[in-house]
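Subject: Structure handover

Hello,

Here is the structure we talked about. Please open it next to this note, and then read on for what turned up.

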Amino acid sequence: MYYTYMLRCKDNSIYTGIASNLERRMEEHFSRNGKEAKYTRSRKAKNLEMAWQSEDKSTAARLEYWIKKLNKENKEKLIKDPQILRYVLKDKIESEKYDIVQIEKIKYI
């Protein structure tokens, strides 16, 4: 299982990444133990905003790629309504290959 996720940083920017273990990766971002991404090290991760679960790394990486191509306004729309990703990427990634993760179940900080 792989995850594509979006983090909000303290400067209100949005970081998108992938992980094989979402809880461990969030611990790395939020604990600032030297294993966080260079981007979140300087901008300080504040909140996990959204996450998607994929069966394979290839799908997770493709989701990350397409989400990173979105402008900030569209990323904010995606956070508010994650279902729109299926419409935005309908010609790029089959929607059966990923699911929305209920992030309130993910423990971090």
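Start with a charge over a ring: Lys92 lies over the face of Trp66, at 4.9 Å from the ring centre. For a charge to sit over a ring, NZ of Lys or CZ of Arg must be within 6 Å of the ring centre and within 35 degrees of the ring normal.

Before the rest, some ground rules. This is a predicted model, in which local features need pLDDT of at least 70 and side-chain atom pairs count only at pLDDT 80 or more, while totals for chains, interfaces and linings use all residues. Numbering runs from 1 along each chain as its sequence is written, and side-chain values use heavy atoms, with hydrogens and water left out.

**Rings**

Arg43 gives another charge over a ring: its charged end sits over Tyr39, 4.0 Å from the ring centre.

The structure holds three aromatic pairs. Rings of Phe, Tyr and Trp (for Trp, the six-membered ring) pair if their centres lie within 6.5 Å; planes under 30 degrees apart are stacked, over 60 edge-to-face, and the rest tilted. Tyr15 and Tyr39 have ring centres 5.7 Å apart and planes at 25 degrees, so this pair is stacked. Tyr15 belongs to strand E2 (residues 14-19) and Tyr39 to helix H2 (residues 38-43), so the pair ties together parts that are 24 residues apart in sequence. Helices (H or I, at least four residues) and strands (E, at least two) are DSSP runs, numbered from the N terminus.

How accessible are these two? Tyr15 counts as buried, at 15% relative accessibility. Tyr39 is partly exposed, at 28%. The cut-offs: buried is under 20% relative accessible area, exposed is over 50%, and partly exposed is in between (1.4 Å probe, protein chains only).

Tyr65 and Trp66 make an edge-to-face pair, 5.0 Å centre to centre with 80 degrees between the planes. Tyr65 is partly exposed at 44%, and Trp66 is partly exposed at 25%. Ring pairs also link Tyr5, Tyr15 and Tyr39 into a cluster.

**The hairpin**

Strand E1 (residues 2-9) pairs with E2 in the antiparallel sense, over six bridges. Strands pair if DSSP finds at least two bridges between them. Met6 has Thr16 as its bridge partner in E2. E1 and E2 form a hairpin with four residues between them, and Asn12 in the turn has a positive phi of about 75 degrees. Five of the six residues of E2 are buried, so this strand is largely enclosed by the rest of the structure.

**Glu28**

Look at Glu28 next. Glu28 lies in helix H1 (residues 22-31) and is buried, at 9% relative accessibility. Polar contacts join its side chain to those of Arg24, at 2.8 Å, and Arg25, at 2.7 Å. A polar contact is a pair of N or O atoms within 3.5 Å; within protein, one must be able to donate a hydrogen and the other to accept it, and residues adjacent in sequence count only if both atoms are side-chain atoms.

Glu28 and Arg25 also form a salt bridge, with the closest N and O atoms 2.7 Å apart. Both lie in H1, three residues apart, about one turn of the helix. Leaving aside residues up to four places away in sequence, Glu28 touches Asn33, Lys35 and Glu36 (contact means heavy atoms within 4.5 Å).

**Other salt bridges**

How many salt bridges does the structure hold? Ten. Each is a side-chain nitrogen of Lys or Arg within 4 Å of a carboxyl oxygen of Asp or Glu.

Glu36 and Arg41 meet in one of them, at 3.3 Å from N to O. Glu36 is buried, at 6% relative accessible area, whereas Arg41 is partly exposed, at 39%.

Lys77 and Glu73 form another, with the closest N and O atoms 3.6 Å apart. These two are four residues apart in helix H4 (residues 72-80), about one helical turn. Lys77 is partly exposed, at 42%, and Glu73 is exposed, at 52%. Elsewhere, salt bridges that share partners join Arg8, Glu49, Lys72 and Glu76 into one network.

Best wishes
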